[in-house]
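Here are my notes on this one, as numbered points. Have the viewer open while you read.

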Amino acid sequence: MTGQQKAPVVMGDAHTDWKCDTGASLHADAMTPGPGKLGTMHGVIYVCPEHRASAEEQIGRAGYLPEVRDAPPGHKWDPWPCGHVTAYSEKALEGLSRAGQMVVTRNPDGSSHPPYNADWPERLQVEWIVGCVALDTGLRIDVKPASTIRTSVGYTPPPDAPEEYYLTVRGGRTLTGGSKYTAEGVYAFLDGLKAGAKLFQPER
């Protein structure tokens, strides 16, 4: 034994949901802590500086910790396209390349995957709370930042404007659709939604 870690086995390759013709000068690694000081790498998004924040957000949404480093010299001379994903498990491959909001699931011990991270940007914290409430209530809750909709129609909000979110909640029928809230409004609405859902749960 030399003490060196074995190279991880590549499970597959994919691409993120953004389009970019720039070569990737950075590697955004999807990590979890341990074993050992180096941690475990589950995949990598090859990315340009402009899309670095998008890659970090996608890695966080998938439940991993982003670690960004410069691409090796050989990759800089002949770079991968920005947004290319290489992953070492099916779970990582899906999480790093899947478009849309965070999907929260329950582990056998009752904890959530991904675990909550206080360092996430606000939109990921909102998506995580939405995912947990969806699990607790059995409802489908879709959330989308309003700024992404405004930008797609040619309107850019002022940089100091608070982010707002569109919520659509579905059960057996549509309960509410397209309602817009700040993050605090989302949390208040979800508290009411959980309380209302308990009224219709049969007693055990």
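**Notes on the fold**

1. Gly63, with a positive phi near 95 degrees, follows helix H1. Helices (H or I, at least four residues) and strands (E, at least two) are DSSP runs, numbered from the N terminus. Mind that this is a predicted model: local features need pLDDT of at least 70, side-chain atom pairs count only at pLDDT 80 or more, and totals for chains, interfaces and linings use all residues. Residues are numbered from 1 along each chain as its sequence is written, and side-chain values use heavy atoms, with hydrogens and water left out.

2. H1 itself covers residues 52–61, and its buried residues (under 20% relative accessible area, 1.4 Å probe, protein chains only) are Ala55, Glu57, Gln58, Ile59, Gly60 and Arg61. Their cover includes E2, E3, E4, H3 and helix H4 (122–137), with contact meaning heavy atoms within 4.5 Å.

3. Now the sheet: 5 strands, open, antiparallel, ordered E1-E5-E3-E2-E4. E1 (12–15) and E4 (65–70) each have a single partner strand, so one side of each lacks a neighbour in the sheet. On average, neighbouring strands are turned by 25 degrees against each other, direction ignored; axes are lines fitted to C-alpha atoms, for helices over the stretch in contact, and angles run from 0 to 180 degrees between N-to-C directions.

4. E3 (residues 40–47) and E5 (residues 84–87) pair over 4 bridges, antiparallel; pairing takes at least two DSSP bridges. In this pair, Tyr46 sits opposite His84 of E5. Helix H3 (residues 90–97) packs on the sheet and touches E1, E2 (26–32), E3 and E5, its direction making about 10 degrees with that of E1.

5. Overall, the protein has 6 helices and 10 strands, and 39% of its 204 residues count as buried.

Key:
Buried < 20%, exposed > 50% of the residue type's maximum accessible area, 1.4 Å probe, protein only.
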